[in-house]
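These are my notebook entries on a structure I looked up. I set out to record its chain contacts and a selection of its side-chain pairs.

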Amino acid sequence: MPTVLNDNQISELALKGSTPFAQSDAPSADELTDQQRILRRTIENEGEFLLGVLRSRVKKQNVASGREIGEVALDFFTELYIEAMKSAHKFNAELSPLPYLLGIAHNLILRKGHERGQNAKRAVREFFPADLPHQNEDGDAAQDAEIFDRVAAAHSEYSLNSATTPLEKFDAAREILNLVSGDDAQILELSIIHGLDGETLAGVLGVQPAAARKRFSRALQRLREAYSQHILNPSAPESGAVAR
Amino acid sequence: MTHFYSPEEKTNQMAREKNLFLYASALERGDLETTQSILERAQSDAKLEAMIRQMHELEIAEESASERDEMAAQVRN
C-alpha cells in the first residue's frame with residue numbers, strides 16, 4: 001500500500017532533504033566536483049519546482065494515477081538527483097543548470113515511465129477496446145515547426161501591409177483561420193496581428209504570458225491537426241473545415 | 001500591452017516562441033530528442049528558460065487546482 005503524501009508533505013520532504021540528500025551512500029560535499037556541487041545546489045533550491053514538474057508529467061504521461069502520483073514523483077525526484085550526480089561531467093558549468101536538470105527529469109519520465117505507462121494503457125484498453133489514439137500520435141517536430149512557420153509567415157505578410165489592408169484580405173491568414181473556429185481562430189488572429197509574441201498576446205487577452213502561450217500552443221496544435229486533415233490529406237473522411 | 005522590439009529582438013523572440021511551442025508539443029508527444037535539443041538552447045538563453053519555467057509553473061498550478069476540485073467532489077459525494 002503506497003504511502004499517501006500531499007503536496008505540502010512532498011515539498012517538505014524535498015526541501016528538508018529527507019529523500020536524495022539523506023542517502024547514506026550519497027557523496028559528502030567535499031567529494032563533489034564543481035559540476036556536481038552546482039547541480040546539487042540547484043536541486044536543493046529548485047526542489048519544489050522540479051518535484052512539481054515531475055508530478056505533473058507523471059500524471060500527464062499516465063505513469064501513475066490518483067494517490068500514487070505523489071509517491072512515484074518522489075521516486076523520480078530521488079532518481080533525478082542520482083542521475084544528475086552520475087552525469088554531472090556532461091554538464092557545462094558555464095551554462096544554466098535548471099534546463100539540464102529538466103532534461104534529466106523528462107528523460108527519466110519518458111524512458112522509465114514508458115514501461116509503467118504501457119502497462120497502464122494496456123489495462124485501460126482491456127476495459128475500453130475503442131480507446132481513441134493520442135491526438136498527437138502521428139505528429140512530429142517537423143510538422144510542429146511547419147505550422148508555426150506558416151502562422152509566422154502570415155504575420156510577416158500582414159505586418160508589411162497592415163496599414164492599407166485588413167487581415168482577412170491576406171490569403172495566408174484566411175487559409176489558417178478558415179481551418180479552425182471560435183476561440184482558436186481568435187487566438188491565431190491575434191497572434192498573426194501581434195507577431196506571435198506571448199507577452200503582447202497576454203496583454204491583449206488580460207492573462208499571464210504562460211496562459212496566453214498555452215492557448216496559442218493549443219490553437220496551433222488543433223490547426224496542425226486540421227491542416228494535416230484538410231490540406232495534406234483532403235480526401236480523408238470526417239472533413240470538418242470551418243466556413244467563416 | 002504591446003512590446004516594442006528591434007528587428008533583431010523580434011526575430012529572437014519569435015524563435016523563442018517557436019522553441020517553446022516545439023518543446024510543449026514534443027513533451028506531449030514524448031519526443032525526447034526535440035525536448036532535449038530545446039532545453040540545451042535554454043541553458044544559454046535565460047529568456048527561453050524563463051518561458052519554459054512559466055509553462056511548467058502554469059501546468060503545476062492547473063494540476064493542483066484539478067486535484068483540489070477532484071477532492072472537493074469526493075467530499076461532496
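Entry 1: a pair across the chains. I began with A:Asp149, which counts as partly exposed at 36% relative accessibility; on this scale buried means under 20% relative accessible area, exposed over 50% and partly exposed in between, with a 1.4 Å probe and protein chains only. I note that this is a predicted model, in which local features need pLDDT of at least 70 and side-chain atom pairs count only at pLDDT 80 or more, while totals for chains, interfaces and linings use all residues. Residues are numbered from 1 along each chain as its sequence is written, chains are lettered from A and ligands numbered from 1 in the order in which they are written, and side-chain values use heavy atoms, with hydrogens and water left out.

I found A:Asp149 in a salt bridge with B:Lys18, the closest N and O atoms being 2.7 Å apart; the term requires a side-chain nitrogen of Lys or Arg within 4 Å of a carboxyl oxygen of Asp or Glu. The pair joins two chains, because A:Asp149 lies in helix α6 of chain A and B:Lys18 in helix α1 (residues 7–29) of chain B. Helices (H or I, at least four residues) are DSSP runs, numbered from the N terminus. I recorded B:Lys18 as partly exposed, with a relative accessible area of 21%.

Entry 2: the interface as a whole. I counted 53 residues of chain A in contact with 45 residues of chain B, where contact means heavy atoms within 4.5 Å. The size of an interface is often given as the accessible area lost when the parts come together. Here chain A and chain B bury about 4100 Å² between them, 57% of it on carbon and sulfur atoms; buried area is the accessible area (1.4 Å probe) that two parts lose on being put together, summed over both.

Entry 3: One between the chains pairs the side chains of A:Lys214 and B:Glu62, at 2.4 Å from N to O. I then looked up which helices supply the side of chain A that touches chain B: α3 (47–60), α5 (97–127), α6 (141–161), α9 (198–205) and α10 (209–232) of chain A each give at least two residues. Of these, α10(A) gives the most, with ten residues. By class, this side of chain A has 20 nonpolar, 17 polar and 16 charged residues; Ala, Val, Leu, Ile, Met, Phe, Trp, Tyr, Cys and Pro count as nonpolar, Asp, Glu, Lys and Arg as charged, and the others, Gly among them, as polar.

Entry 4: a pair within helix α6 of chain A. I recorded a salt bridge between A:Glu146 and A:Arg150, the closest N and O atoms being 3.8 Å apart. These residues are four apart in helix α6 of chain A, so about one helical turn separates them. A:Glu146 is partly exposed at 34% relative accessible area, and A:Arg150 is partly exposed at 32%.
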